[in-house]
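Here is a short tour of a model for you to follow along with. Keep the viewer open as you read.

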Amino acid sequence: MSPMTAKAKGFKKSKPGAYLSMATTAFGAVSVVKQARMARKENDTLRLVDAAVSAAAIVTGLALLYRELKKLGDDDVLLG
C-alpha cells in the first residue's frame, strides 16, 4: 500500500473526513428533491419510488456517518 493510499484511508476515518462525507451525502439530496418534484409533476410513479429509495439511502448514509463521528469521540456541540 502506498503512503498516499494509507493517508486517504486514514482521512475517511477522521473527523474532517466524516464531515466531508456528510456534506457530500447531504448535497446529493438536492438531486433527489429535483427528481421527486419532476416525478410528481409528470405523475411518474416509478421515478417517485426511485426518489424515495434514494432519499432513504441518503438518510441511512447520514446516520452511519453520524454514528462514525460519535465513535471518533467528537466534542462538537451540534452532536450532543
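Which residues of α2 are buried? They are Gly17, Ala18, Met22, Val32, Ala36 and Ala39, where buried means under 20% relative accessible area, exposed over 50% and partly exposed in between (1.4 Å probe, protein chains only).

A word on the ground rules: this is a predicted model, in which local features need pLDDT of at least 70, side-chain atom pairs count only at pLDDT 80 or more, and totals for chains, interfaces and linings use all residues. Residues are numbered from 1 along each chain as its sequence is written, and side-chain values use heavy atoms, leaving out hydrogens and water.

The chain has an average pLDDT (the predictor's confidence in each residue, from 0 to 100) of 82, and 75% of its residues score at least 70.

| Helix | Residues | Mean pLDDT |
|---|---|---|
| α1 (lowest) | 3–12 | 53 |
| α3 (highest) | 45–71 | 93 |

Where pLDDT is low, the predicted coordinates should not be read in detail.

Now to Met22, which sits in helix α2. Met22 counts as buried because its relative accessibility is 18%. Leaving aside residues up to four places away in sequence, Met22 touches Leu62, Leu65, Tyr66 and Leu69, with contact meaning heavy atoms within 4.5 Å. Its C-alpha is also 8.0 Å from that of Gly61, 39 residues apart along the chain.

Finally, just after α2, Asn43 takes a positive phi of about 55°.

Terms used. Helices (H or I, at least four residues) and strands (E, at least two) are DSSP runs, numbered from the N terminus.
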